[in-house]
Amino acid sequence: MNCHACGAALAATAKFCHRCGAQVSGGQAAGWRAGLPWGVAGAAAGALLTVLAFRLGGSAGRGTGDAGGVEDGPLPASRIPPPDISQMSPEERATRLYNRVMSLHSQGKSDSAEFFLPMALQAYTMLPALDVDARYHVGVLDLTGGNAAAALAQADTIRRAVPTHLFGFMLRARALELTHDTPGALRAYRAFLQHEAAERARRRPEYADHVQNLDSFRDQAKQVTAGKSTRGR
Amino acid sequence: MAAEPPPPRPPLRTIHLAHSPDADDAFMFWALAAGKIDTGGRRYEHELGDIESLNRRALQGELEVTAVSLHAYAYLAQRYALLAHGASFGDRYGPRIVARAPRPADPRAALAESAVRIAVPGELTTAFLGLKLFQPAARYVVVPFDQIEQFVMTGRADAGLLIHEGQLTYADRGLHLWVDLGEWWHVETGLPLPLGGNVVRRDLGQALMRDIARDLKASIQYGLAHRAEALAHARGYSRGLDDAGTDRFVGMYVNDYTVDYGETGRRAVAELLARAHRAGLIPAPVDLTFVAAA
């Protein structure tokens, strides 16, 4: 079975697409994002910048304009039917844990996020292959845990596979900011802007999954490279 | 009066067996692949793949018998048992960290510098685990194992973590040895460094697992007893090594520990995984189960 929205391969019992959040069965959803809790994927993407803003001590609001994603955040736990983990593919399990960590972090529940972080990283370790999107998720998780070196490793590995992939520049910029390497981060922001139009024209599926995050990053990259750093505001 | 017909022979059981396309594995599995030993009712279908791919396929339980990194086994122990035969150990040698620049006075400190980036063959390889035990702060980029030397030579990484035949050829390419992780491990522990092993899926059952162990051990022993023939086969997988180099490489990684881990080999595996757990590099202690030929 494949997702009608993005084409991802799905388990026969899947109710929502692990990649894009589209509802697979039931039919009452109005749009692809209606499929909560997998809609948390959107929140997760948006949560990244929030998380990093916390970590970097900058403004959480500026450059994190993913309010839509956050608004689509998880329902209260009592309203979410527990998923049947045994029926999930490894990719679904990893994505679910990623979303959970990101959501918890965006809600300021750092203890809970920290609890699930190793599980999420292990879930990605267990994947049959780490594609660019999975490595991006791992890198974001690394950043969430404050591990800039590990995030840089994912950025570099993405760049080796696809030299102009935007996720590589994004992870790189964030990781270098975390290590206070301002010139290095600036170079990564500039590289992102240099390649953004051509890359997004390629319509890679992972870009569609993280469109709000890409837009927010672009806005911030423009500000940073124009000498209008948002930090400290 | 007509004689009774012989009882029907049980159907052949096909076992999918995967290993990496390198000289030591080719040597070990040659007798099995070439039909040199009696495998009873078992027919082996060989499949070749680089070790990181095999590690990840094993995570999905795809393969009945496969070579894996012992690092990866930390994530596989529930589904697979270790076969007591076919392991690769480096006894005072092992994966090597090489670089364009000459060896610094303190390689461990140099590897902690954020400006130094190391090309590694995969995050589940034992070589990578060894690197993280040696220097947890090492910065890395994942590169297919057979491209690492080129990656370093062309300046895309400062150093490379070499497995397989690259361990013997780096100097020809003008690269410098910084650290031999097998040598370091021996200084640390007094033990050989376990790198790779063969695993068998537990759902095959005890009897079949033991039969497979027996076939594998017989294949290794046959190769050792017919070394010239086995080496001739292995040369096809030695990626740039000449005959002498292939002989040397096979001698390094097909040794007494390969025939059977023995007490020392088992202790080395336990020590490696225990240290990895203590360092937070694997999520849980590993319950080691070895299946040996009866």
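Q: Is B:His164 buried or exposed in this predicted model?
A: The model is a predicted one, and in it B:His164 sits in the loop that runs between strand S9 (159-162) and helix H7 (166-169) of chain B. A residue is classed as buried once 20 or more other C-beta atoms lie within 10 Å of its own. B:His164 has 27 C-beta neighbours inside 10 Å, and therefore it counts as buried.

Q: What separates the C-alpha atoms of A:Gln194 and A:Leu166?
A: A:Gln194 belongs to helix H8 of chain A. Along the chain, A:Gln194 and A:Leu166 are 28 residues apart, while the separation of their C-alpha atoms is 10.0 Å.

Q: Which residue of S9(B) is the bridge partner of B:Arg96?
A: B:Arg96 belongs to strand S6 (residues 96-99) of chain B, where B:Arg96 and B:Val98 point one way, B:Ile97 and B:Ala99 point the other way, and all are buried. S6(B) pairs with S9(B) in the antiparallel sense over 4 bridges. Within that pairing, the partner of B:Arg96 in S9(B) is B:Leu162.

Q: Why do the buried residues of H8(B) line one face of the helix, and within what arc do they fall?
A: In helix H8 (residues 181-189) of chain B, the buried residues include B:Leu181, B:Gly182 and B:Trp185. When the helix is viewed down its axis, the buried residues of H8(B) line one face because they fall within an arc of 100°.

Q: Which elements of chain B do the buried residues of H8(B) pack against?
A: H8(B) has B:Leu181, B:Gly182 and B:Trp185 buried, and is followed by B:Gly190, whose phi is positive, near 75°. The packing partners of the buried residues of H8(B) are strand S5 (88-90), helix H5 (126-134), strand S10 (176-180) and strand S11 (193-201) of chain B.

Q: Which residue stands opposite B:Ala18 in S3(B)?
A: Strand S1 (residues 13-19) of chain B runs parallel to strand S2 (residues 42-48) of chain B, with 7 bridges between them, and S1(B), helix H1 (residues 23-33) and S2(B) make a right-handed β-α-β unit. In S2(B), B:Ala18 has B:Glu47 as its bridge partner. S1(B) is also joined by 2 bridges to strand S3 (residues 65-69) of chain B, again in parallel, and there the residue opposite B:Ala18 is B:Thr66.

Q: What is the radius of gyration of chain B?
A: Chain B holds 13 helices and 12 strands, and its C-alpha trace spans about 90 × 40 × 30 Å along the principal axes. Buried residues make up 50% of its 294 residues. For 294 residues a compact globule would have a radius of gyration near 19 Å, and the value for chain B agrees with this, at 20 Å.

Q: Which helix supplies the largest share of the side of chain A that touches chain B?
A: In the contact between the chains, 13 residues of chain A meet 14 residues of chain B. Helix H4 (110-125) and helix H6 (148-161) of chain A each supply at least two residues of the chain A side. The largest share, 6 residues, comes from H6(A).

Key: Residues numbered from 1 in each chain as written. Chains lettered and ligands numbered in written order. Predicted model: local features only at pLDDT ≥ 70, side-chain atom pairs only at ≥ 80, totals over all residues. Pairing = 2+ DSSP bridges. Right-handed = clockwise from strand over helix to strand, strands pointing away. Buried ≥ 20, exposed ≤ 12 C-beta atoms within 10 Å, placed from the backbone. Arc of directions from axis to C-beta. Contact = placed C-beta atoms within 7 Å. Rg over C-alpha atoms; globule rule 2.2 N^0.38 Å.
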